[in-house]
Amino acid sequence: MDENSEAIASYQRDGFVSIPAFFNSEELVTIEFELARFKREHIPTLESSEVFYEDIDHPESLKQIQRMQQHDPFFSGLMNGKPQRLAERLLGENVVPKNLQYFNKPPLLGRATPPHQDGYYFMLEPCNALTMWMALDVVDEENGCVRYVRGSHENGMRPHNRTQTLGFSQGIADFGTVEDSANEVVCRAHPGDLLVHQAMTIHRAEANSSPTRSRRALGFIFYGESAREDAEAYQAYKQKLETELTAAGKI
Ligand SMILES: O=C(O)CCC(=O)C(=O)O
C-alpha cells in the first residue's frame with residue numbers, strides 16, 4: 001500500500017477518481033501567477049487553433065488554451081512533475097504528456113460541455129490514456145462542475161456526432177439513458193483538487209449559470225506509451241475541423 005493505492009483502486013473501479021488538495025495553496029499561488037503571465041506573454045502570438053473564445057470578438061470570453069506545455073517551460077515542468085508521476089501509476093506504464101489545457105466557463109457565458117468519451121477524440125489503440133482536471137476556482141452545480149458516469153469506462157465506445165460546442169466538437173449521440181442518469185456523479189471541487197478519468201469514461205458539464213463566478217481549470221492529458229495513435233486520421237479530422245471553424249468565424 002502507498003499513498004496512491006486508494007486512488008488507483010477508485011480509478012480502476014469507477015473510471016474516475018477525485019483527489020482533494022493535489023496541489024497545495026502555495027503551489028496554487030505560483031500556478032495562478034504563471035497562468036496570468038502565460039496569458040499576457042503568449043496569447044497574442046498563439047495561432048487561432050490554440051486559443052478559443054465563447055465569442056471571438058470578446059477577449060473576456062476566453063474559454064480554452066491548448067498545448068500550454070509546448071509554449072512555455074513553466075507549464076511543461078508542471079506537467080512533468082506530480083501529474084506525470086501519478087499518470088504513470090494509474091496507467092501502469094511510461095506515459096507521453098500530450099496536452100496541458102486551460103479551461104474556463106466565464107460567468108453566464110460558459111456553455112455546457114457535451115457528454116463525451118475522450119478516447120473518441122484521441123483515436124488510440126489500445127485506448128490507454130487519461131485526463132486530469134484540476135480546479136482553479138470553487139466549482140459546483142451553479143458554475144458547471146464536471147459529472148462522470150460511474151463505471152461507463154467498462155461499456156465500450158458510444159456513438160458520437162458533431163456538436164456546435166467549440167473545443168468539444170463531438171458528443172454522445174444517445175446520451176441520457178436510464179443507466180446514464182442513475183450512475184452520474186456530480187464532482188464539486190475546490191482549487192487544487194484533482195479529478196482524473198480514464199479515456200473511456202463518459203463525462204459532461206453544465207453551462208455556467210452564475211452571474212459572477214468563473215469556472216477555471218487546468219486539464220492534463222497523458223497517453224500510455226503502448227497507445228498507438230492513428231495520426232493520419234487525427235490530423236485529417238483536426239484539419240477539417242479547423243477549416244470549418246475558421247470559415248464560420250469561430251476561431
Ligand atoms: O472542463 C470541462 O467542462 C470538461 C473537460 C473535459 O471534458 C475534458 O478535459 O475531457
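Let's start at Leu-130: leaving aside neighbours within four places in sequence, this residue is in contact with Ala-87, Leu-90, Leu-91, Val-196, His-197, Gln-198, Ala-199 and Phe-222. Keep in mind as you look around that this is a predicted model.

Leu-130 also belongs to the largest nonpolar core, which has 51 residues. Together with Ala-129, Met-134, Leu-195, Val-196 and Phe-222, Leu-130 touches the most other members of that core.

Strand β2 (residues 51–53) is joined to β3 (residues 62–65) by three bridges, and the two run antiparallel. Strand β3 is in turn joined to β4 (residues 95–105) by two bridges, again antiparallel. As a reminder, strands of a sheet pair through backbone hydrogen bonds, either parallel or antiparallel.

The other open sheet has four strands in the order β5-β13-β8-β11, and its pairing is antiparallel. Here β5 (113–116) and β11 (184–187) are the edge strands; each has a single partner strand, so one side of each is left without a neighbour in the sheet. The twist in this sheet averages 20 degrees from one strand to the next. Strands β5 and β13 pair over two bridges.

Here are some bridge partners to find in the structure:

| Residue | Partner | Strand of the partner |
|---|---|---|
| Tyr-53 | Leu-62 | β3 |
| Gln-64 | Phe-103 | β4 |
| Thr-113 | Ala-205 | β13 |

**A closer look at Tyr-148**

Tyr-148 is found in strand β8 (residues 146–149). Is Tyr-148 buried or exposed? Tyr-148 has 24 C-beta neighbours inside 10 Å, so it counts as buried. Not counting residues up to four places away in sequence, Tyr-148 touches Gly-15, Phe-16, Val-185, Cys-187, His-197, Thr-201 and His-203. The C-alpha atoms of Tyr-148 and Ala-205 are separated by 8.9 Å, although these residues are 57 apart along the chain.

**Backbone details in the loops**

Most residues other than glycine have a negative phi, and most peptide bonds are trans. Leu-108, in the loop between β4 and β5, has a positive phi near 65 degrees. Leu-108 has 14 other C-beta atoms within 10 Å, so this residue is partly exposed. Met-123, in the loop between α6 (118–122) and β6, has a positive phi near 60 degrees. With 16 C-beta neighbours inside 10 Å, Met-123 counts as partly exposed. Finally, the peptide bond from Glu-125 to Pro-126 is cis, with omega near -10 degrees. Pro-126 is found in the loop between β6 (124–125) and β7.

Definitions and conventions: Residues numbered from 1 in each chain as written. Predicted model: local features only at pLDDT ≥ 70, side-chain atom pairs only at ≥ 80, totals over all residues. Core = buried A, V, L, I, M, F, W, Y, C linked by C-beta atoms within 7 Å. Buried ≥ 20, exposed ≤ 12 C-beta atoms within 10 Å, placed from the backbone. Contact = placed C-beta atoms within 7 Å. Pairing = 2+ DSSP bridges. Axes fitted to C-alpha atoms, helices over the stretch in contact; angles between N-to-C directions.
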